[in-house]
Amino acid sequence: HTQVGNIRFDQQRLSEAEDAFRLAIELDRSHPDAYLNLAELLRVLNREADSQAMLDLGLSAVPDNAELSHARGLARVRAGKLTDALEDLRRAWTLSPANNRYAYTQALALEALGRVAEAYDSLATGTQLDHGDPQLLRVQLSLALKLGRTAQARQHAKALAQLQPGDPEIK
């Protein structure tokens with residue numbers, strides 16, 4: 001039913017997609033994709049409160065799902081609830097410590113809260129991260145510059161230049 005919902009969503013048959021996702025949840029409350037996809041559909045329909053409620057419901061059914069935590073964190077960012085968002089984003093990264101996207105969004109939330117040093121240090125000490133990821137390196141470079149950590153900024157810029165030699169911004 002989740003797959004049917006995805007097909008209906010792609011076809012812009014949104015009420016049928018919503019019905020399919022709801023049926024999938026009814027049949028298997030432990031299936032995170034149904035909650036995630038329904039929450040996304042509700043968000044697209046400008047039903048942000050319903051979307052967040054669906055993510056809450058999903059996390060009550062599948063509390064240790066990193067993707068649900070991450071999605072709820074992003075929903076809370078959109079709602080302007082950065083402190084609550086940070087809690088969810090941190091949980092997502094804790095549940096999946098090798099996921100650069102989770103590390104990246106947590107760092108951006110910390111930065112938005114004015115906790116720039118904590119954001120930088122969290123990325124620098126993330127031992128399971130792929131530190132060759134250009135997006136992550138760009139964030140580390142930006143944070144190092146904001147902190148006045150010139151030596152670290154140069155290291156990140158050099159690593160980026162090796163990964164993306166033709167990028168004029170890195171030069």
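Predicted model: local features only at pLDDT ≥ 70, side-chain atom pairs only at ≥ 80, totals over all residues.

Sorted by class, the contact of helix 6 with helix 7 has ten nonpolar, two polar and one charged residues.

Helix 6 and helix 7 pack at about 155 degrees, and their axes are 9 Å apart. Since angles over 145 degrees count that way, helix 6 is roughly antiparallel to helix 7. The crossing of helix 6 and helix 7 is left-handed.

Next, keep helix 7 and bring in helix 8. Which residues of helix 7 meet helix 8? Pick Ala103, Tyr104, Gln106, Ala107, Leu110 and Glu111 on the helix 7 side, and Val116, Glu118, Ala119, Ser122 and Leu123 on the helix 8 side. This contact has seven nonpolar, two polar and two charged residues. The packing angle of helix 7 and helix 8 is about 165 degrees, with 7 Å between their axes, so this pair is roughly antiparallel. Here the crossing is right-handed.

Time to look inside. Select Leu123, Leu129, Val139 and Leu143: of the 25 residues in the largest nonpolar core, these touch the most other members. Color helix 6 (82-95), helix 7 (100-112), helix 8 (116-124), helix 9 (134-147) and helix 10 (150-163) to see the elements that each give two or more residues to this core. In soluble globular proteins, nonpolar side chains tend to be buried together.

Zoom in on Val139. What does valine 139 contact, leaving aside its neighbours within four places in sequence? The answer is Tyr104, Ala107 and Leu123.

Then jump to a second, separate core, this one of 20 residues.

Last stop: Arg76, which sits in helix 5 (residues 66-78). Is arginine 76 buried or exposed? Its relative accessibility is 17%, and the cut-off for buried is under 20%, so arginine 76 counts as buried. Show what surrounds Arg76: beyond its neighbours within four places in sequence, arginine 76 is in contact with Lys81, Asp84, Ala85 and Asp88.

Technical notes. Residues numbered from 1 in each chain as written. Heavy atoms only, no water. Core = buried A, V, L, I, M, F, W, Y, C linked by side-chain atoms within 4.5 Å. Buried < 20%, exposed > 50% of the residue type's maximum accessible area, 1.4 Å probe, protein only. Helix = DSSP H or I, 4+ residues; strand = E, 2+ residues; numbered from the N terminus. Contact = heavy atoms within 4.5 Å. Axes fitted to C-alpha atoms, helices over the stretch in contact; angles between N-to-C directions. Parallel < 35°, antiparallel > 145°, perpendicular 65-115°, else oblique. Left-handed = near helix turned anticlockwise from the far one by under 90°. Nonpolar A, V, L, I, M, F, W, Y, C, P; charged D, E, K, R; others polar.
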